[in-house]
Amino acid sequence: MKKLLPIPIALLLICAPSYLFYKFYSWSFPKVVSAYYAKEFCSCIYIERRGLAACHDYAAVWIPISSFKWHKKSKLITVVGLSRTSSAQHISSQLGCRLID
């Protein structure tokens with residue numbers, strides 16, 4: 001009986017940190033996709049003054065986005081990717097674009 005006790009403890013010591021690592025990154029990583037796309041597209045359109053198609057290509061990542069909205073009047077870009085929504089807004093030509101929560 002004493003020989004079986006170290007195996008569950010060893011499994012717990014291996015599985016618990018792995019589970020915590022997975023939970024932390026499964027919440028933080030999906031937001032990166034939409035935030036990156038929104039910020040890069042905003043900078044491309046308003047700072048670099050490139051065209052729509054060129055900016056979509058410039059901001060594209062290997063994980064596809066599910067929704068894209070460009071509010072031209074308020075200079076706001078809203079992107080949904082991996083079920084997370086991010087927005088970037090153009091502030092000025094000197095300050096560029098910023099992410100909005």
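Which residues form a nonpolar patch on the surface?

**Figure 1. Overall arrangement of the predicted chain.** The chain contains two helices and four strands, which follow one another along the sequence in the pattern α-α-β-β-β-β. Of its 101 residues, 26% count as buried. The chain exposes about 7400 Å², and 66% of this area is supplied by carbon and sulfur atoms. Among contacts with a separation of 6 or more, 45% are between residues 24 or more positions apart.

**Figure 2. Close-up of the nonpolar surface patch.** The patch is formed by Phe-29, Val-32, Tyr-36, Trp-62 and Leu-82, whose accessible area together is about 550 Å². One of these residues, Trp-62, lies in the loop between helix H2 (52–59) and strand S1 (67–71). Trp-62 has a relative accessible area of 75% and therefore counts as exposed, the cut-off for this class being over 50%.

Figure 3. Phe-68 is located in strand S1. Its relative accessibility is 25%, so Phe-68 is classed as partly exposed; this class lies between the limits of 20% and 50%. Leaving aside residues up to four places away in sequence, Phe-68 touches Tyr-37, Phe-41, His-56, Ile-77, Thr-78 and Val-79. Phe-68 and Val-80 are separated by twelve residues in sequence, and their C-alpha atoms are 6.5 Å apart in space.

**Figure 4. Close-up of the pairing between strands S3 and S4.** Strand S3 (residues 84–92) pairs with strand S4 (residues 96–100) in the antiparallel sense, over five bridges. The two strands, S3 and S4, are joined by a hairpin through three residues. His-90 has Cys-97, in S4, as its bridge partner.

Figure 5. Ser-87 is placed in strand S3. With a relative accessible area of 15%, Ser-87 is buried, because this class comprises values under 20%. The side chains of Ser-87 and Thr-78 make a polar contact at 3.2 Å. When residues up to four places away in sequence are not counted, Ser-87 touches Ala-38, Leu-76, Ile-77, Thr-78, Arg-98, Leu-99 and Ile-100.

Terms used:
Residues are numbered from 1 along each chain as its sequence is written. This is a predicted model: local features need pLDDT of at least 70, side-chain atom pairs count only at pLDDT 80 or more; totals for chains, interfaces and linings use all residues. Side-chain values use heavy atoms; hydrogens and water are left out. Patches are made of residues with over 30% relative accessible area and no salt bridge: like charges are joined within 9 Å, nonpolar side chains (Val, Leu, Ile, Met, Phe, Trp, Tyr) within 5 Å. Accessible areas come from the Shrake-Rupley method with a 1.4 Å probe; for residues, only the protein chains shown count as cover. A salt bridge is a side-chain nitrogen of Lys or Arg within 4 Å of a carboxyl oxygen of Asp or Glu. Buried means under 20% relative accessible area, exposed over 50%, partly exposed in between (1.4 Å probe, protein chains only). Two strands pair if DSSP finds at least two bridges between them. Contact means heavy atoms within 4.5 Å. A polar contact is a pair of N or O atoms within 3.5 Å; within protein, one must be able to donate a hydrogen and the other to accept it, and residues adjacent in sequence count only if both atoms are side-chain atoms.
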